[in-house]
Amino acid sequence: MIATILRKFYLLGRRVFEKLAERSLGWMGWQIDNHWDLNIDQCVMIAAPHTSNWDALYARLALKALGVHVRITIKDSYMKLPFGPFVRAMGGIGIDRRPKKDGEARPSMVQLMSDLFKSHSKLVMLVTPEGTRSKQEQWKTGFYHVAMNAGVPIALAYMDYANKKTGIGKIVYPTGDYQQDMAEIMAFYAQINPKHPDLFSVDTRFMQEAEF
């Protein structure tokens, strides 16, 4: 009985925050792009472009409005006190790269991130493949290999400042054709307008393929 009541309060509170996030974006003149598939329980989500601290605010509000709870991988030591409770509340999920046995090589980040999908039935893993707010003509593409290894789709989240639109614009299902899939992702982000255009580039290694 108590559990049912608490569950109802939780769902009510969640809907209130989702509506508040939606209205907050509306007050600031932003629209939400909703290409999220409610049937998706697991995916890797890209957030780009990343040229301003404002990006995180708009992206967070959009995802909250869409009811999408994202998780961010972080070094396992930050999950302990005193930072642990705060990091978990922000969606942090710990990664421990220490070898399980003496003499063993450290497991790769791709493998560890892929393994998280085995232990979390519902997991939206947020990544920022540019890695920095500086202009990067080559992205960190480990997210693609994580999605392939885990057998999950890739959601493309974005912030378009020229059109004042943010949200999830596309869901890509990796085929195993690395060049073609990455070209599809780059073609999508090539159309997005960042806050500081001089600080953003899609991955130029895949742009020739993207021109289809």
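Which residues is I95 in contact with, leaving aside its neighbours within four places in sequence? They are T73, I74, K75, D76, M109, L112, M113 and L116, where contact means heavy atoms within 4.5 Å. The model is predicted, so local features need pLDDT of at least 70 and side-chain atom pairs count only at pLDDT 80 or more, while totals for chains, interfaces and linings use all residues. Residues are numbered from 1 along each chain as its sequence is written, and side-chain values use heavy atoms, with hydrogens and water left out.

The protein has seven helices and seven strands. Helices (H or I, at least four residues) and strands (E, at least two) are DSSP runs, numbered from the N terminus. From that end, the order of elements is α-β-β-α-β-α-β-α-β-α-β-β-α-α. The protein has 212 residues, of which 41% count as buried; buried means under 20% relative accessible area, exposed over 50%, and partly exposed in between, with a 1.4 Å probe and protein chains only. The accessible surface comes to about 12400 Å², and carbon and sulfur atoms hold 54% of that surface. Accessible areas come from the Shrake-Rupley method with a 1.4 Å probe, and for residues only the protein chains shown count as cover. Among contacts with a separation of 6 or more, 69% are between residues 24 or more positions apart.

I95 belongs to strand β4. With a relative accessible area of 7%, I95 is buried. L112, one of its contacts, is 17 residues from I95 along the chain, and the two C-alpha atoms are separated by 7.0 Å. L112 is also one of the buried residues of helix α4, together with M113, S114, L116 and F117. The buried residues of α4 pack against β2 (42-48), β3 (70-75), β4 (92-95), β5 (123-127) and α5.

The packing of α4 (residues 109-119) on α5 (residues 142-150) has an angle of about 40 degrees, with the axes 9 Å apart. Axes are lines fitted to C-alpha atoms, for helices over the stretch in contact, and angles run from 0 to 180 degrees between N-to-C directions. Why are α4 and α5 called oblique to each other? Angles under 35 degrees count as roughly parallel, over 145 as roughly antiparallel, 65 to 115 as roughly perpendicular and the rest as oblique, so α4 and α5 are oblique to each other. The crossing of α4 with α5 is right-handed. A crossing is left-handed if the near helix is turned anticlockwise from the far one by less than a right angle, and right-handed if clockwise. On the α4 side the contact involves V110, M113, S114 and F117, and on the α5 side G142, H145, V146, N149 and A150. By class, these residues are five nonpolar, four polar and no charged. Ala, Val, Leu, Ile, Met, Phe, Trp, Tyr, Cys and Pro count as nonpolar, Asp, Glu, Lys and Arg as charged, and the others, Gly among them, as polar. An α-helix has 3.6 residues a turn, so residues three or four places apart point the same way.

Helix α5 also packs against α6, at an angle of about 120 degrees and with the axes 11 Å apart. That angle makes α5 oblique to α6. Their crossing is right-handed. F143, Y144 and H145 of α5 make this contact with Y178, D181, M182 and I185 of α6. The residues in the contact of α5 with α6 divide into five nonpolar, one polar and one charged.

S201 counts as buried because its relative accessibility is 10%. Beyond its neighbours within four places in sequence, S201 is in contact with K135, Q136, E137 and W139.

N34, in strand β1 (residues 31-34), is partly exposed at a relative accessible area of 49%. Its contacts, leaving aside neighbours within four places in sequence, are L66 and I168. N34 and I168 are 134 residues apart in sequence, with 5.6 Å from C-alpha to C-alpha.

Two points concern the backbone. Most residues other than glycine have a negative phi, and most peptide bonds are trans. The bond that joins A48 and P49 is a cis peptide bond, with omega about -5 degrees. P49 is in the loop between β2 and α2 (54-65). K164, a residue other than glycine, has a positive phi near 50 degrees. K164 is in the loop between β6 (154-160) and β7 (165-172), and its relative accessible area of 32% makes it partly exposed.
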